[in-house]
Amino acid sequence: MRKSIVDDQFMKKIFGQRVQGARSVTPQHSGEAGISLIGVIFWLLILVLTVAFVVKVMPLYYDYWSLKNIVSHQARQSGPGVSSSQIRHDLNDRLRVAMINIPQKDIRIERNGTGQTLITVSYDKIVPLIANISLLLHFKAIGH
């Protein structure tokens with residue numbers, strides 16, 4: 001039997017009587033459910049926290065990647081006749097241009113017997129996330 005989309009009251013108004021085969025159109029539970037308001041708020045909160053996390057952490061990784069390139073480039077350019085203090089001065093100049101602030105105690109410059117330079121920069125960054133929750137990131141860039 002075919003299901004009609006008009007209800008009995010509408011058919012009575014039009015035809016003055018009940019029409020055979022016309023069924024009442026009342027909402028029935030179809031088993032489908034949408035997302036509730038609380039669900040929307042929950043997923044929106046997760047999205048906001050993820051974006052805030054990425055916004056706070058990504059600049060530190062960008063600085064780290066830049067630092068790795070600077071350290072590698074500086075180590076390759078340092079010849080056997082260049083002193084460690086000159087290498088440190090040149091490295092600090094490059095870091096200043098890139099606006100990367102690294103404490104001097106975290107920069108270690110070593111020379112091996114063949115004159116090859118090994119520059120190691122190891123430092124920690126603390127990122128405050130929410131209230132008293134912070135994230136500690138440890139970075140280590142090596143150039144040789």
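Which residues does Thr117 touch, not counting residues up to four places away in sequence?

## Thr117 and its contacts

Thr117 touches Ala75, Ser78, Ile87, Ile109, Glu110, Arg111, Gly143 and His144. Contact means heavy atoms within 4.5 Å. Thr117 lies in strand β2 (residues 117–130). At 1% relative accessibility, Thr117 is buried. Buried means under 20% relative accessible area, exposed over 50%, partly exposed in between (1.4 Å probe, protein chains only).

## Basis of the model

This is a predicted model: local features need pLDDT of at least 70, side-chain atom pairs count only at pLDDT 80 or more, and totals for chains, interfaces and linings use all residues. Residues are numbered from 1 along each chain as its sequence is written, and side-chain values use heavy atoms, with hydrogens and water left out.

## Strand pairing

Helices (H or I, at least four residues) and strands (E, at least two) are DSSP runs, numbered from the N terminus. Two strands pair if DSSP finds at least two bridges between them.

Strand β1 (residues 107–111) pairs with β2 in the antiparallel sense over five bridges. Arg108 has Thr120 as its bridge partner in β2. β2 and β3 are also antiparallel, over eleven bridges. Their hairpin has two residues between the strands, and Ala131 in the turn has a positive phi of about 50°.

## Aromatic cluster

Tyr61, Tyr64, Trp65, Tyr123 and Phe139 form one aromatic cluster. The structure holds five aromatic pairs. Rings of Phe, Tyr and Trp (its six-membered ring) pair if their centres lie within 6.5 Å; planes under 30 degrees apart count as stacked, over 60 as edge-to-face and the rest as tilted.

The Tyr61 and Phe139 ring centres are 5.2 Å apart with planes at 80°, so this pair is edge-to-face. Tyr61 is in helix α2 (residues 37–77) and Phe139 in strand β3 (residues 133–143), so the pair ties together parts 78 residues apart in sequence. Phe139 is buried at 3%, whereas Tyr61 is partly exposed at 30%.
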